[in-house]
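Trainee: Please take one part of this model and walk me through it closely. I would like to see how it connects to the rest.

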Amino acid sequence: MTFLRNAKVMNKLLLLTGVMCAIVVAVGVVGTGEVSDMRDLADDMYRHELLGVAAAKDVRAQALNYAMRVEMAVAHPETAGEVRKATAMIHKGVTDALAQLEASDGGEAASAEEVRVRSSVPLLVQAGERLLRAVERADKDEVASAEAAVAEQIRVIDSAVSALAAERLDRAQQEHVE
């Protein structure tokens, strides 16, 4: 302590400035490491959770587009052939979105909602094909039955995607808030 008492004011200020600089450097180094960790966590959350939510919502959009196109054939039976071509492209979009959803799992087992989405898409396509065939044959009873089946599968997909998105967002909050 006698060193500080005997030191000139300028030396005391230089020492104090040096100590403050050391503290600032230490805080900067620690802060940079923490920011890097946060960036890694955010990237992980994006890849494993939010891309899955986007893929699930894409499945929903593609399924609704598919149902809308099939229903268009009911309103305009002469377009059934064109609708069949369009639905083939939409089916590919749904398949791609399902693959993206599966890839976003990060190797984890599929949740019950994912299984519902994956199993409902082929049923929607089957119901859509049944509806198109009924329209081509002008079978009104079969059209009504197939329309109900399409509507039911859309309802299942919609509710499953909503639950899956909520599940993924909840999981992202729980895992990455900690």
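Mentor: Start with Gln153, which lies in helix α5, residues 140-177. Helices here are DSSP runs of H or I with at least four residues, numbered from the N terminus. This is a predicted model: local features need pLDDT of at least 70, side-chain atom pairs count only at pLDDT 80 or more, and totals for chains, interfaces and linings use all residues. Residues are numbered from 1 along each chain as its sequence is written, and side-chain values use heavy atoms, without hydrogens and water.

Gln153 is buried, with a relative accessible area of 14%. Buried means under 20% relative accessible area, exposed means over 50%, and partly exposed is in between (1.4 Å probe, protein chains only). What does Gln153 touch? Leaving aside residues up to four places away in sequence, Gln153 touches Ser120, Leu123 and Leu124. A contact means heavy atoms within 4.5 Å.

After α4 comes Ala138, with a positive phi near 60°.

A salt bridge is a side-chain nitrogen of Lys or Arg within 4 Å of a carboxyl oxygen of Asp or Glu. The whole structure has three of them.

Take Arg130 and Glu142: their side chains meet at 2.6 Å, N to O. Arg130 sits in helix α4 and Glu142 in helix α5, 12 residues apart, and the pair links distant parts of the chain. Arg130 is partly exposed at 26% relative accessible area. Glu142 is also partly exposed, at 21%.

Next, Asp158 pairs with Arg60 at 2.9 Å, N to O. Asp158 lies in helix α5 and Arg60 in helix α2, so this pair ties together parts that are 98 residues apart in sequence. Asp158 is partly exposed, at 34% relative accessibility.

The remaining pair stays inside α5. Glu152 bridges to Arg155, with the closest N and O atoms 2.6 Å apart. The two are three residues apart in the helix, so about one helical turn separates them. An α-helix has 3.6 residues a turn, so residues three or four places apart point the same way. Glu152 is partly exposed at 34%, and Arg155 is partly exposed at 48%.
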